[in-house]
Amino acid sequence: MTDDQPEDRSAAGSSRRAAIVGVGGAGLMTVLAACAGSGQTSAGIGSSGSRASAPAAGGTGTPPATRAGTVLAKTTDIPKEGGKVFPDQKVVVVQPSAGEFRAFSAVCTHQGCTVSDVSSGMINCPCHGSMFWLDGKVMGGPATKPLPEVAIKVDGDTISLV
């Protein structure tokens, strides 16, 4: 062995560490870029310069009420003292009592997950266990804010977004 061998090992170790840190940093940048995703700034201005719509409370994406006129269901599709989730529209429609229909954002106010179902008189979020009454108010956390109400129209036996 020569006297300069330990220095070579040290230099090789430093190079390996630098390479690993570099790869890890590149991976972190990829993840952060993916999380940023929408191309919107904090002011709500998209990359095209147009004003973007505000996200639903606690979530991201287009708020449900922007698709006015969308037919959601027949009144017979919504069980009394129950409801149905429409994940594509991010809306949950409930029938708290016979003939009374209400709709709420299906985006949980805790961390933006889409609620999964309506059962036992509650709207349920699968992500962290938040539960909401049929009036949108929080029944059990971790959510602390109610689901925002969404305007609907009942015309005969058809329920649609306003």
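1. Thr 158 belongs to strand S11, residues 158-161, in what is a predicted model. Its side chain makes a polar contact of 3.4 Å with the side chain of Asp 157. Beyond the neighbours within four places in sequence, Thr 158 touches Val 71, Ala 73, Lys 74, Thr 75 and Lys 153.

2. Asp 157 also takes part in a salt bridge, with Lys 74 as partner and 3.7 Å between the closest N and O atoms. This pair bridges distant parts of the chain: Asp 157 sits in the loop between strand S10 (152-155) and S11, while Lys 74 is in strand S1 (residues 71-74), 83 residues apart. Asp 157 has a relative accessible area of 39% and is therefore partly exposed. Lys 74 is likewise partly exposed, with a relative accessible area of 39%.

3. How many salt bridges does a search of the whole structure find? The count is two. Besides the pair of Asp 157 and Lys 74, there is a salt bridge between the side chains of Arg 102 and Glu 149, at 2.8 Å from N to O. Here too, distant parts of the chain are linked: Arg 102 is in strand S4 and Glu 149 in strand S9 (residues 149-150), 47 residues apart. Arg 102 is partly exposed at 23% relative accessibility, and Glu 149 is partly exposed at a relative accessible area of 47%.

4. Gln 95 is located in strand S3, residues 91-97. Is Gln 95 buried or exposed? Its relative accessible area is 8%, which is under the 20% cut-off, so Gln 95 counts as buried. Leaving out neighbours within four places in sequence, its contacts are Thr 75, Ile 78, Pro 79, Lys 80, Glu 81, Gly 82, Glu 100 and Phe 101.

5. Four strands form an open sheet in the order S5-S6-S7-S8, with antiparallel pairing. Strands S5 (117-119) and S8 (138-140) are at the edges and have a single partner strand each, so one side of each lacks a neighbour in the sheet. On average, neighbouring strands of this sheet are turned by 35 degrees against each other, direction ignored. Strand S7 (residues 131-133) pairs with S8 in the antiparallel sense over two bridges. Phe 132 has Val 138 in S8 as its bridge partner.

6. A remark on confidence. The protein has an average pLDDT of 72, and 59% of the residues score at least 70. Mean confidence is highest in strand S4 (residues 100-105), at 95, and lowest in helix H1 (residues 5-36), at 46. Over residues 23-65 pLDDT stays under 50, and the model has 43 contacts beyond four places in sequence for this stretch.

How values were computed:
Residues numbered from 1 in each chain as written. Predicted model: local features only at pLDDT ≥ 70, side-chain atom pairs only at ≥ 80, totals over all residues. Heavy atoms only, no water. Pairing = 2+ DSSP bridges. Axes fitted to C-alpha atoms, helices over the stretch in contact; angles between N-to-C directions. pLDDT = per-residue confidence, 0-100. Contact = heavy atoms within 4.5 Å. Buried < 20%, exposed > 50% of the residue type's maximum accessible area, 1.4 Å probe, protein only. Polar contact = N/O pair within 3.5 Å; in protein donor to acceptor, adjacent residues only side chain to side chain. Salt bridge = Lys/Arg side-chain N within 4 Å of Asp/Glu carboxyl O.
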